[in-house]
Amino acid sequence: MAQFMRVLSVMIALGLAVVLQPIPAQAAPTVTVKASSTQGMAGPTLNSYQHRTFQRGKSLKLRCYERGQLVSGYYSPWVGKSDLWYQTIGDGGVWVADIDLDTGSNDPVVPRCDANLPWTEGQAYPVTQSPGSGYSHGDSYNRHAVDVGLPNGTTLRAPITGKVYFEGWSGPGGIVTLIKKPGTSNTCYQLAHQSASYINDGQKVIRGQVIGKSGGSGNGQQGYYAPHLHMNVVYCSTQKSLTILKTQERGTSYPLGASLSSWNAR
C-alpha cells in the first residue's frame, strides 16, 4: 500500500492522469456443508417445509442470514446449537442452519436478509398504488406505502422474523399487523386491510409463517376500493410512515402496475 501511494503521488506531481478502478464487491461466500447431510428448509425453522437435502461436501453460496429456531446439528448434535440460518443463492433459495455449515465463523458472514413480500412464493400480484402517489398515499401516515392487488382471503406470511408489536383494528387501516424490525427500537413492518389475523401482540413470528388473510377491512370496505394489501415501514409508536419497504424481491422499486412475485416460504 505504501509503495502504491508513493507512485500515485509522483503521477499527480507530473500531471499524469490517474484513473482509480473501483474495488468490486465481494461475492457471497461459498461454504461447505459440515454434517453428513442436511436439510434445506422453506424458512428458518425445522417446522417449515423441506425443499432440499444436501450431501456432505456440497458447496453452497449464501445470500443473507436470519435468526430463527434454535437447533442442533441434524446429524451432528454434539457440535452445539445455533439460531443462525442462512438463505442460499440458487439451490431454491432455501434456508440452512449455521450449525451444519463450515463457514469458519460463529458470527454471520453475510448481511442480514431484507424482508420478503408477505405472500406465498411464486404468486404474482400488481401494484395498484405506489409510494407517494394517487389519492391516499400523500400524508404522513401513508407516503411510503405500497398497495398490492391481493384478492380477498389471500394467505399472508410474515415478511421477517420478529416480534408482533401490534395486531388488531386500527381505524382506516382495518385489521393491521405491525412486526418490529429486529435490532431497532421503533421500526415496524405494517400490513393493513386484512380480513383475518392469526397472531397476537407480543408473539414472535418466523419469516414465512402464516399470519393472516388479505382483504378490504377499514377504508377497503368503501365502494371505490377493491381488496388489497397496504404495506409500508412505519414508526411502531405512531404508525407514521418511515420508509418504503425494502424486499429481497424488489428492493424499493414499486411502480404502478408492476407485477410482484414473492420468494416467501421457500
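This is a predicted model: local features need pLDDT of at least 70, side-chain atom pairs count only at pLDDT 80 or more; totals for chains, interfaces and linings use all residues.
A: A disulfide is a pair of cysteine sulfur atoms within 2.5 Å.

Q: Which parts of the chain does the pair of Cys64 and Cys113 tie together?

A: Cys64 belongs to strand β4 (residues 59–72), while Cys113 is in the loop between β7 (101–102) and β8 (124–129), so the pair ties together parts that are 49 residues apart in sequence. Both Cys64 and Cys113 are buried.

Q: Which cysteine is joined to Cys188?

A: Cys188 is joined to Cys236, and the S to S distance is 2.0 Å.

Q: Why does Cys236 count as buried?

A: Buried means under 20% relative accessible area. Cys236 has 3% relative accessibility, so Cys236 counts as buried. Cys188, with a relative accessible area of 0%, is buried.

Q: What pattern do the disulfides follow?

A: With bonded cysteines counted along the chain, the pattern is 1-2, 3-4.

Q: In what order do the 3 strands of the open sheet come?

A: Two strands pair if there are at least two bridges between them. Here the order is β10-β16-β14, and the pairing is antiparallel. The edge strands, β10 (155–157) and β14 (196–197), each pair on one side only. Over 2 bridges, β14 pairs in the antiparallel sense with strand β16 (residues 210–213). Ser197 stands opposite Gly212 in β16.

Q: Which residues lie nearest the centre of the largest pocket?

A: They are Asn142, Pro172, Gly173, His193 and His230, out of 17 residues that line the largest pocket. The volume of the largest pocket is about 320 Å³.

Q: Which strand gives the largest share of the lining of the largest pocket?

A: Strand β13 (residues 187–194) does, with 3 residues. By class, the lining of the largest pocket has 5 nonpolar, 11 polar and 1 charged residues.

How values were computed:
Residues are numbered from 1 along each chain as its sequence is written. Side-chain values use heavy atoms; hydrogens and water are left out. On a 1 Å grid over the protein atoms alone, a cavity is a set of points where a 1.4 Å probe fits but cannot get out, and a pocket is an open set with protein on both sides within 12 Å along at least five of seven lines; lining residues have an atom within 4 Å of a point. Grid points are joined across faces, edges and corners, and a volume is the space filled by probe spheres set on the points. Helices (H or I, at least four residues) and strands (E, at least two) are DSSP runs, numbered from the N terminus. Ala, Val, Leu, Ile, Met, Phe, Trp, Tyr, Cys and Pro count as nonpolar, Asp, Glu, Lys and Arg as charged, and the others, Gly among them, as polar. Buried means under 20% relative accessible area, exposed over 50%, partly exposed in between (1.4 Å probe, protein chains only).
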